[in-house]
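Trainee: Could you walk me through this one while we both have it on screen? I'd like to ask things as I go.
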Amino acid sequence: MAAIFRRAMDVLYYACVLVGCIALVLISAVIPWAVFTRYVLNSAASWPEPLAVLLTIVLTFIGAAAAYRLNLHMNVGYFANQAPPRIRKSLDLLVQLLMAAIALFMIIWGESLVEVTWQNTIAEFPFLSVGVTYLPIPVGGACLLLFIIERVWLGAPPDPLPSHGEGAASHGSAASFE
């Protein structure tokens, strides 16, 4: 059961990374187009800025879940790293429980936000529900919660790119302020 769950989390992780990368590439294409239409054509397009904001929401919430899974987010671990191993383990569990509370908040209140705004539309994209644009919040929260369950139940996932840590700090401490 544990191996199946770990493989499922690997697939979910790669899906989150793919979605985040696609959003980042699209943002990188949309913003230059906005600059080109504004300053070269002297006729600013109305859609690039709201699209970039929507893609940033996707990148932020889905990408953050993927970053959390591999502990690639910024964190301040100085004091925790100074503690004895038993206390350090308890502190890590506390962090995971607090992050689970944040993930549940994202799921519950994000779903509520999606539901409340489902009938609204965006002026630049009248075919798109505002609720759809907020879907990355509860979806990202659900992914985050699953990654937290994985970390508590099975421990930290193995690094999918073990060679990226060579010659540098390991991924667990690379983003840490120590």
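Trainee: Leaving aside its neighbours within four places in sequence, what is T133 in contact with?
Mentor: Bearing in mind that this is a predicted model, T133 is in contact with L54, I57, I122 and L128 once those sequence neighbours are set aside.
Trainee: And where does T133 sit, and is it buried or exposed?
Mentor: T133 belongs to helix α5, which covers residues 130-134, and T133 counts as buried because its relative accessibility is 9%, where the cut-off for buried is under 20%.
Trainee: Which backbone oxygen lies 2.4 Å from a polar atom of its side chain?
Mentor: That is the backbone oxygen of V130, and the polar atom belongs to the side chain of T133.
Trainee: Switching to α1, how far does that helix reach?
Mentor: Helix α1 runs over residues 2-39, and from its first C-alpha to its last it reaches 55 Å, close to the 56 Å expected at 1.5 Å a residue.
Trainee: What do the buried residues of α1 pack against?
Mentor: They pack against α2 (48-69) and α6 (136-154), and the buried residues of α1 include F5, L12, I27 and V30.
Trainee: Now the loops: what is the phi of N42?
Mentor: N42, in the loop between α1 and α2, has a positive phi of about 55 degrees although it is not a glycine. Most residues other than glycine have a negative phi.
Trainee: Is N42 buried or exposed?
Mentor: N42 counts as exposed, because its relative accessibility is 66%.
Trainee: And where is N71?
Mentor: N71 lies in the loop between α2 and β1 (75-76), and its phi is also positive, near 60 degrees.

Key:
Residues are numbered from 1 along each chain as its sequence is written. This is a predicted model: local features need pLDDT of at least 70, side-chain atom pairs count only at pLDDT 80 or more; totals for chains, interfaces and linings use all residues. Side-chain values use heavy atoms; hydrogens and water are left out. Helices (H or I, at least four residues) and strands (E, at least two) are DSSP runs, numbered from the N terminus. The expected span of a helix is 1.5 Å times one less than its number of residues. Buried means under 20% relative accessible area, exposed over 50%, partly exposed in between (1.4 Å probe, protein chains only). Contact means heavy atoms within 4.5 Å. A polar contact is a pair of N or O atoms within 3.5 Å; within protein, one must be able to donate a hydrogen and the other to accept it, and residues adjacent in sequence count only if both atoms are side-chain atoms.
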